[in-house]
Amino acid sequence: MHAVEAFELILGLLALVIGLHWLALKLRWPPATALLVGGGALAFIPGLPQISLDPELALVLFLPPLLMDGAYFTALGRFRRHLPGILSLAVGAVVFTTLVVGVVVHMILPELPWAACFALGAIVSPPDAVAARAVLKGVHLPRRLEALLEGESLLNDATGLILFRFAVAATLSGVFHTGEAVRSFAFVAIGGVIVGALVAAGWIFLARRLPDRMLVMLITILLCWAAYIAGEAVHVSGVIATVTAGLAMGWYQHEILPADVRLRANSAWFIMVFVLEALVFILIGFSLRGAIERIGGIGAMPLSWTMVIAAVVVAVTIARFVWIFGSEAILAIVRKVGLERARPLGWRQATVLSWAGMRGVVTLAVPLTLPVDMPGRDLMLICAFAVIFVTVVAQGSSLGMLIRAVKPVDTDPPAKMAMPAAEAAMARARFAVTVLDRHRGVETRRIDIEVQRLFREAQTVGRRREHLISERETAIEQRLVVDDLADEARAKRALGIDEAASQDHLGREARPDEARQEIARRHIAPAEADADIGGIRLERRRRITHVGRKQ
């Protein structure tokens, strides 16, 4: 295919993404289902060029940014709190599904080697991060269930890829050592964590020292690929390295990145993730044509293969139910024995968790990397497509209805304080500290008037939105003013600047107007004005320091 034709094809795929996504919104389908079905249907239109997806490129191009997107927005505290349950799904459920599928396939096709059967199980066992994110966007879940699904989608790809490599090596060599496999698994996983932490440390080092904000945004976007490629280069898990780097970036983002950089980078990031996520499912559908042509068409498929494909789809679904409800039974028994920390999900949440096992890009790309002389290679490829279609189309489309039917209850204890109340309490505490400083002799000129004025300005801007300004937004504005005046007062006291000098050199009378005009010019709500007011505040601090040096 000519380079210009390839570019035109990419533009056509993007137009197809827009059309199918719009259709999914109209029909109230999950977008992943519409994209997958639409891509599969269009692949068989006569005259269209056959699109071949390079497996190595698919993993490197699509997987790191989509993993990073999930890790970046993951609450680290909640991730640590539910880590045992996450590991049970990401490691235990994947290993159990691999074993079940391997046994089922070998019972139907005894001529297929055991290691090859387990390789097929490793291909179809890990639920995919991309598919899970795409389906779960439109549903509301209890907090614990959401944390388990998000955490599982970040780590189970690594488990599936590691098992797959072991199974392929055992098939081709005819040798498998359990102890060596366990040691290798631990090395790859721990090594991935170390590499991801080192790459994240490098990002922190550079982001703090680069003077240009565009460069900071660029290295932030490239961090996912840097972590994945670095992990694969030293033969550890690139998936775990990417997740580790994403968790670190999400934890340090407010310390490293200014608010305006976060706003701009997030806008570019959201568009990139949306495009990549949509292209994944369209390309999966297009790749189905090549897989069917490889075996000579659907009519040429042996009956035993049809039985294997159906058995694999059923085994994948049932194995997840068995693992999750078996774990629930164990937790219930342990809790009755007296261990209060063991908290079962309950049958409602367990049912939703069992049904949310969609497969995606990893299940597609991994079988394409199989050696040509691998026994059962074409069967593995067809099984992978069948599992992807059934799980994304059937489970993904019915997940919302299942949630509405079983109505899972959030059993986690409520937070001690809601976010607006917490931020309002913080603002009141800082305001009290500033007032205390004023009584001690620190000059904080007309702070009460400033706060009242800012409250009125915030209400004026808030009326432009669909609802009145919330307590959270006013608390944020109050917090910014209190911080600003307190820091300025301490800086003046340290530098020995008197009131007259600060008015002459800083134009203090224009400060509130400057902030108000900036907010009004951009037509944004006070809760979104963190970047603008923060930048103004930083500039004033620089000017304070400059005046102090001149004196």
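Helix H14 (residues 347–355) packs against helix H16 (residues 377–406) at an angle of about 170°, their axes lying 10 Å apart. Angles over 145 degrees count as roughly antiparallel, and H14 is therefore roughly antiparallel to H16. On the H14 side, the contact is made by Trp347, Arg348, Thr351, Val352 and Trp355. H16 contributes Ala394, Gln395, Ser398, Leu399, Leu402, Ile403 and Val406 to this contact. Sorted by class, the contact of H14 with H16 has eight nonpolar, three polar and one charged residues. This is a predicted model, and the geometry described here should be read as such.

H16 also packs with helix H15 (residues 361–368). The axes of H15 and H16 come within 9 Å and cross at roughly 170°, so H15 is roughly antiparallel to H16. From H15, the residues in contact are Thr363, Leu364, Pro367 and Leu368. Those of H16 are Arg377, Met380, Leu381, Ala384, Phe385 and Ile388. The contact of H15 with H16 comprises eight nonpolar residues, one polar and one charged.

The largest share comes from H13, which supplies six residues of the lining. By class, the lining of the second largest pocket has 13 nonpolar, five polar and eight charged residues.

The model has eight cavities of 30 Å³ or more. The second largest cavity contains about 100 Å³ of space. Its lining consists of Met68, Tyr72, Thr220, Ile221, Met249, Leu257, Arg262, Ala265, Asn266 and Trp269. Helices H3 (55–72), H10 and H12 (259–294) each supply at least two of the lining residues. H12 gives the most, with four residues. The lining of the second largest cavity divides into seven nonpolar residues, two polar and one charged.

The last topic is confidence. The chain averages a pLDDT of 75, and 70% of the residues score at least 70. Confidence is highest in helix H10 (residues 213–233), at a mean of 92, and lowest in helix H20 (residues 499–506), at 40. H10 is also one of the helices that supply at least two residues to the lining of the second largest cavity. Over residues 441–448 the pLDDT is below 50, and this stretch has 22 contacts in the model beyond near neighbours in sequence. Residues 543–551 likewise have a pLDDT below 50, and that stretch has 16 contacts beyond near neighbours in sequence.

Notes: Residues are numbered from 1 along each chain as its sequence is written. This is a predicted model: local features need pLDDT of at least 70, side-chain atom pairs count only at pLDDT 80 or more; totals for chains, interfaces and linings use all residues. Side-chain values use heavy atoms; hydrogens and water are left out. pLDDT is the predictor's confidence in each residue, from 0 to 100. Contact means heavy atoms within 4.5 Å. Ala, Val, Leu, Ile, Met, Phe, Trp, Tyr, Cys and Pro count as nonpolar, Asp, Glu, Lys and Arg as charged, and the others, Gly among them, as polar. Axes are lines fitted to C-alpha atoms, for helices over the stretch in contact, and angles run from 0 to 180 degrees between N-to-C directions. Angles under 35 degrees count as roughly parallel, over 145 as roughly antiparallel, 65 to 115 as roughly perpendicular and the rest as oblique. On a 1 Å grid over the protein atoms alone, a cavity is a set of points where a 1.4 Å probe fits but cannot get out, and a pocket is an open set with protein on both sides within 12 Å along at least five of seven lines; lining residues have an atom within 4 Å of a point. Grid points are joined across faces, edges and corners, and a volume is the space filled by probe spheres set on the points.
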